[in-house]
Amino acid sequence: MELQFEVERLLYEYVQTLDDGHLERWPVFFTEECTYQVIARDNFDRGLPLALIRCESRDMLHDRVTALQQANVYGPRYLRHLVSNPRVVERHEESVLVQSNFAVLRTMLDEPTKIFLAGRYLDRIVVDSGVLRFSEKRCIYDTLLIPNSVTYPV
Amino acid sequence: MSAMDAAKRSWPAPSAGRVPLWVYSDPDVYALEQERVFAGPTWNYVGLEVEIPNPGDYRRTFIGEKSVVVTRTKDGAVHCFLNKCTHRGVEFCRTDCGNARNFMCPYHQWVFDLKGNLIGVPFRKGVKGQGGMPEDFDFKDHPARPLKVEVVNGVIFASFDHDVPPFKDYLGESMYHYFTRVFDGRGLRLLGHERQDIPCNWKLMQENIKDPYHASLLHVFLVTFGLFRADQKSEVKLDPSGAHAVLVSRKGEQKAGEGLEEMASFKADYALKDPRLLDPVKEFPDANTVIMQTIFPNLIVQQQSNTLATRQIIPKGPNNFELYWTFFGYENDDEAMVTRRLRQANLMGPAGLVSVDDGEVLEFTQNGARPHPGDLAVMEMGGHDHADTDHMVTEAAIRGFYEHYARVMGFKREGA
Ligand code: FES
Ligand SMILES: [Fe+2]
């Protein structure tokens, strides 16, 4: 019960931080050694290794943030993440594997709000310096045909 | 106005360097492209052999808006036919890929074999002596329409026109040389696909990859890390028709060079915290590190450092297209190389540190141009011709594209 509560709080704070635009705090949700991948569902199901985004360390997450703040050109937008059905699917000595569903809504200035991405998170969660963090996060998206660009983290 | 009337259009300028904005949004022009460009005497990319390695393997894809199936038969040959039932037009194959003995249309269960031949029609002879197809109905007259296929070092091309010249002649000597640099006959290793829905006309994608001018300005990431920059040794090359092109470049340093003061996007103090992202190794005999090849009408071959991909252009109406990315390596890549390619894939695709800029700017272009079909774009950087150049400050490859495009579409040029 306690674990379920802690896991949910991590997930909710994670998406709230993204939706509030505190991108510099995004890497903080991960352990220093971590992997973060955004993967198309068909690649995942077929065992193909390609990821849309592949970060292999917290530093690489920082590099993503720097790029999207300083390098990339894209139209302004609001994103809102919805998370549901968090379930602990595996318990290990040091970590738990948690699966949850996500939907990301995208609002462009001149368009009504649309569903941008739908999929599931497969998260490996560990206790790191007294708090829960992701040591691995895989965002497996059903929305194979992506509406133009994925600019912000999923 | 109909598609046929569209053919009577004239190009409102004496040069292919002035492009009327109606080419990006006019529905009749778009309809004519479906006939003359995609269903015309062109070779269209439909996939890689490594995607259908075994007999019975198939994949579904598109040429223009038309759905096609690419298959491998028992004898190892590759076939391609229209994914349209000859009974009433149903798209009978509804999965992206798989393995099948034949294809059964779900509606009335007509069956097509792996070459597209019609081999079964339920109730053909009627039921209890009633109904059935007429005596003169012959299966041979109703195959799913076969396309001409050519497999070039593992890459599959198809054409609706069975008289299209061989791929090598279609591409021309110099373009074939660049094509076979990446596709040199070695076995390929499929890494995965990415699919991107870009709300702009398909031709803007071809233009984008033929445009080295923007690459040095728009892409902070390329410019800052010296991955593609106007002050580096580079070339733009075209085939004689102007249809196909390559941009060739060599990686330089992250340091100031001539012309850099005009590149607002150069950031001298920009550094990566985890430099493994940019850890390219030399893998081709020449010193070039970037080769972007555009093949008319639907293919881009990407080699940026060690990230290799085909990008297939699938038009979805005048204001929209799908970009279908297939990332690959070579069969004999070691694990370090596979990881390197997967890492560098961060630069490309719908979330690419470089290519996000392109998808977004193309959307802005469509939004800006669509309300002004009567205006002209000016593509005169580097002159009016479409000759090869040894620098990047040119739009020659775009001019070559429109020179060829206007010819294929039958547009008459005013004042020429
Ligand atoms: S439409 Fe295909 S069998 Fe009738
Ligand atoms: Fe670009």
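Helices (H or I, at least four residues) and strands (E, at least two) are DSSP runs, numbered from the N terminus. This is a predicted model, in which local features need pLDDT of at least 70, side-chain atom pairs count only at pLDDT 80 or more, and totals for chains, interfaces and linings use all residues. Residues are numbered from 1 along each chain as its sequence is written, chains are lettered from A in the order in which they are written, and side-chain values use heavy atoms, with hydrogens and water left out.

**Exercise 1. Find which elements of chain B line the second largest pocket, and describe that lining.**

Step 1. Start with the term: on a 1 Å grid over the protein atoms alone, a pocket is an open set of points where a 1.4 Å probe fits, with protein on both sides within 12 Å along at least five of seven lines; lining residues have an atom within 4 Å of a point.

Step 2. Now the elements: helix H5 (202-209), helix H6 (212-215), H9 and strand E20 (376-378) of chain B each supply at least two lining residues. H9(B) gives the most, with 5 residues.

Step 3. Next, the space: the second largest pocket holds about 340 Å³, a volume being the space filled by probe spheres set on the grid points, which are joined across faces, edges and corners.

Step 4. Of its 19 lining residues, Leu204(B), Glu207(B), Asp211(B), Thr365(B) and Met379(B) are the closest to the centre.

Step 5. Sort the lining by type: 12 residues are nonpolar, 4 polar and 3 charged. Here Ala, Val, Leu, Ile, Met, Phe, Trp, Tyr, Cys and Pro count as nonpolar, Asp, Glu, Lys and Arg as charged, and the others, Gly among them, as polar.

**Exercise 2. Work out which chains supply the lining of the largest pocket.**

Step 1. From chain A come strand E4 (95-108) and strand E5 (114-128), and from chain B comes helix H9 (355-369), each with at least two residues.

Step 2. H9(B) provides the largest share, 4 residues.

Step 3. Look towards the centre: among the 19 lining residues, Arg106(A), Met108(A), Glu111(A), Glu363(B) and Asn367(B) lie nearest. The space is about 410 Å³, and the lining divides into 8 nonpolar, 3 polar and 8 charged residues.

**Exercise 3. Decide how much of H5(B) is buried.**

Step 1. Buried means under 20% relative accessible area, exposed over 50%, and partly exposed in between (1.4 Å probe, protein chains only).

Step 2. Count: 8 of the 8 residues of H5(B) are buried. Among them are Trp202(B), Lys203(B) and Glu207(B).

**Exercise 4. Trace what surrounds Gln196(B).**

Step 1. Contact means heavy atoms within 4.5 Å. Leaving aside neighbours within four places in sequence, Gln196(B) has contacts including Leu145(A), Ile146(A), Phe321(B) and Trp325(B).

Step 2. Compare sequence with space: Gln196(B) and Phe321(B) are 125 residues apart in sequence, and 8.5 Å apart in space, C-alpha to C-alpha.
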